[in-house]
Amino acid sequence: MGLGPLAALTAGVTLVAVTATFGVARLRGRYDTIDSFWGPGFALIAVVALPFGSAPPALRLVVAALTVVWGLRLGIHLHLRNHGKPEDPRYQRMVERAGPRPAGRLFVRVYLLQAVILWFVSLPVQFAMYGTGFGVTAWLGVVVWLVGFVFEAVGDEQLRRFRADPANRGGLLDTGLWRYTRHPNYFGDVCVWWGLYLLACSWWPGAATVLSPLVMTFLLVRGTGKPMMEASLRQSRPQYADYVARTSGFLPLPPKRLTPR
């Protein structure tokens, strides 16, 4: 199968899977169900694309394995984080603004939009399946992916343990990876996708998918990730301003020493 037919196939699979996820969300009465599908959606695309590519098996298997491991971990983490808690306030506000029949609007504005973004961001994974070989760029991609996966997984686990301790209620995590960046999980996510992009760079069409990791980076740094999270924390955590003053906003850096007032 050529790259064009594969892209059409993965687009169709993504649309069907997101539509099915919307059905599950309706049954659950929770539109934030799409969050749990985000990571597994990429894993699904990687598995669908794996047998159709013409790249050497080593390259295809590594790309698929890295995508599946990242996607399933993220999906499980988000599902466990949201389980037993009220629906994400963002989705509650969307429902309130959508009028008397919110389902149709949320399907188009949230679920279909997520499907488009998911498919577009996954293009390096799809193009890598047709690469020419596992060379220096691919090894660099694996290293970048590993750095990102460690930051994301460890950062999420440190935050989970912090929140699970009742003594930390109302507090702010500023130790571990969170001492060096306010968003180790987002930094890790960005690295994961730049790593997968590098794995696609063994041929020039793969290198041309650079907009995909750029879109992911924009979403996390300037879009729905970091800005929304920080706006919420500024309102709920009075100590967050001092944390911002001494801690890097994204890239891991040594904390600043603040001059006493």
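With which residues is Leu196 in contact, once its neighbours within four places in sequence are left aside? In this predicted model, the contacts of Leu196 beyond that stretch of sequence are with Val63, Leu66, Thr67, Pro124, Val125 and Trp145. Leu196 also belongs to the largest nonpolar core, a set of 58 residues in which Leu196, together with Phe42, Trp70, Tyr111, Trp193 and Leu199, touches the most other members. At least two residues of this core are supplied by each of helices H1 (3–28), H2 (33–49), H3 (57–82), H5, H6 (123–128), H7 (136–164), H8 (184–199) and H10.

On the H5 side the contact is formed by Ile117, Phe120 and Val121, and on the H10 side by Leu211, Ser212, Val215, Met216 and Leu219. By residue class, the contact of H5 with H10 comprises seven nonpolar residues and one polar residue, with no charged residue taking part.

Cysteine pairing was also considered, and a search of the whole structure returned zero disulfides. The cysteine sulfur closest to that of Cys191 lies in Cys201, and because the separation is 15 Å, the two are too far apart for a bond. Cys201 is likewise in no disulfide, the nearest cysteine sulfur being that of Cys191. With a relative accessibility of 13%, Cys191 counts as buried, since the cut-off for that class is under 20%.

Technical notes: Residues are numbered from 1 along each chain as its sequence is written. This is a predicted model: local features need pLDDT of at least 70, side-chain atom pairs count only at pLDDT 80 or more; totals for chains, interfaces and linings use all residues. Side-chain values use heavy atoms; hydrogens and water are left out. A disulfide is a pair of cysteine sulfur atoms within 2.5 Å. Buried means under 20% relative accessible area, exposed over 50%, partly exposed in between (1.4 Å probe, protein chains only). Contact means heavy atoms within 4.5 Å. Helices (H or I, at least four residues) and strands (E, at least two) are DSSP runs, numbered from the N terminus. Ala, Val, Leu, Ile, Met, Phe, Trp, Tyr, Cys and Pro count as nonpolar, Asp, Glu, Lys and Arg as charged, and the others, Gly among them, as polar. A nonpolar core is a set of buried Ala, Val, Leu, Ile, Met, Phe, Trp, Tyr and Cys residues joined through side-chain atoms within 4.5 Å.
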